[in-house]
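Here is a short note for a colleague who is opening this structure for the first time.

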Amino acid sequence: MVKRALFFSTPYSLSLRDNQMVIRTKEAPDMQRTIPVEDIGVVVLEDRQTSVTLPLLNALSDNNAAVIFCGDDRMPNAMLMNLDSNRTQGENYRAQIEAGEPLKKGMWRQVVESKIRNQAALLRKLGKDGDRLKPYYLHVRSGDADNREGSAAKIYWSELFGREFVRAREGAPPNNLLNYGYTILRAAVARALMGSGLFPAFGIFHRNRYNAFPLADDIMEPYRPYVDELVYELHGQGHSGLTQEVKGVLLRLLFADTRFGSVLRPLDIGLTFTAASLAKCFSGTQKKIAYPLLE
């Protein structure tokens, strides 16, 4: 079942009753609506005056919902993470910890290849020269030893947004739109990983002592072009700021179509297939991570 994504940009009072999220506005507390907690996949809390009860947070956590808290700048700042979301969690953690470098490098090769393939597919879809990336996704070496990911990125961003565009976290628009979309994606990936009994802190390639979710950063890479496509459309429509309308469009990322072979699934569901396949790769029962091909 496709989970719902909820975005609260104005003051609300959120509580729990009969395993339902009860939503009230500050201005009209007697008027309310309810949503089953089990139907919720992502919650973004942006307004500083929004109040949330502890029972509701626990219920969302128990149902493996990603709850994202925004800072004073209204950008995602933190996320609620369930510490016991899978019955085989301990076994999967051990498999992650014991994974050797050859296995990690082999998985990172798959991630890089899938990412560049999707970047090329997006460029072709938009009528641009995606074939320029073909030499980069063919024959990626173990661990991406010759950094094809970085070399492909220079060509990709130039083709997508023009030669003047520089992809940088603090760069000019549409970097801000990309940052927001990637943060939503990262939270959804972390949620899927936890649901598959994996620990996002144990990464394959990304390693930073200040990063609590390096595995999410690893696994989300081939999904980034789905964000890029939305941002490309928004940028083409003249959007440069993170308005409520723009954030709503980026949140719909979770419902984008993803194709796994002959089967079409919403991105939020696709992430669960990717995470489940990754867990099997760590356990040694599967060799390939399941990723969609953008079309």
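Is Phe165 buried or exposed? Phe165 is buried, at a relative accessible area of 14%. Here buried means under 20% relative accessible area, exposed over 50%, and partly exposed in between, with a 1.4 Å probe and protein chains only.

1. Basis. This is a predicted model, where local features need pLDDT of at least 70, side-chain atom pairs count only at pLDDT 80 or more, and totals for chains, interfaces and linings use all residues. Residues are numbered from 1 along each chain as its sequence is written, and side-chain values use heavy atoms, with hydrogens and water left out.

2. Aromatic pairs. Rings of Phe, Tyr and Trp (its six-membered ring) pair if their centres lie within 6.5 Å; planes under 30 degrees apart are stacked, over 60 edge-to-face, and the rest tilted. The count comes to 13 aromatic pairs. Take Phe161 and Phe165: their ring centres are 5.0 Å apart and their planes stand at 55°, so this pair is tilted. Phe161 is buried too, with a relative accessible area of 17%. Ring pairs also join Tyr156, Trp157, Phe161, Phe165 and Tyr232 into a cluster.

3. A pair across two elements. Phe260 and Phe273 form a tilted pair, 6.1 Å centre to centre with 40° between the planes. Phe260 sits in strand S9 (residues 257–260) and Phe273 in helix H10 (residues 267–283), so the pair ties together parts that are 13 residues apart in sequence. Helices (H or I, at least four residues) and strands (E, at least two) are DSSP runs, numbered from the N terminus. Phe260 is buried at 13% relative accessible area. Phe273, at 35%, counts as partly exposed.

4. Charges over rings. A charge sits over a ring if NZ of Lys or CZ of Arg is within 6 Å of the ring centre and within 35 degrees of the ring normal. Arg265 lies over the face of Phe273, 3.7 Å from the ring centre. Arg224 lies over the face of Tyr182, at 4.4 Å.

5. Largest pocket. A pocket is an open set of points on a 1 Å grid over the protein atoms alone, where a 1.4 Å probe fits, with protein on both sides within 12 Å along at least five of seven lines; lining residues have an atom within 4 Å of a point. The largest pocket has a volume of about 630 Å³, counted as the space filled by probe spheres set on the points. Of its 20 lining residues, Pro76, Arg169, Asn179, Thr183 and Arg186 are the closest to its centre. Strand S8 (76–80) and helix H6 (175–195) each give two or more residues. H6 gives the largest share, six residues.

6. Second largest pocket. This one holds about 230 Å³. Its lining has 13 residues, with Lys115, Glu149, Ala153, Glu221 and Arg224 nearest its centre. Helix H3 (101–125), helix H5 (148–161) and helix H8 (224–236) each give two or more residues. H5 gives the most, four residues. Note that Arg224 is also the residue over the Tyr182 ring.

7. Helix H1. In H1 (residues 54–62), Leu56, Leu57, Ala59, Leu60 and Ser61 are buried. The buried residues of H1 pack against several strands, including S2 (12–17), S3 (20–25), S5 (40–45) and S8; contact means heavy atoms within 4.5 Å. Asn64 follows H1, and its phi is positive, near 60°.
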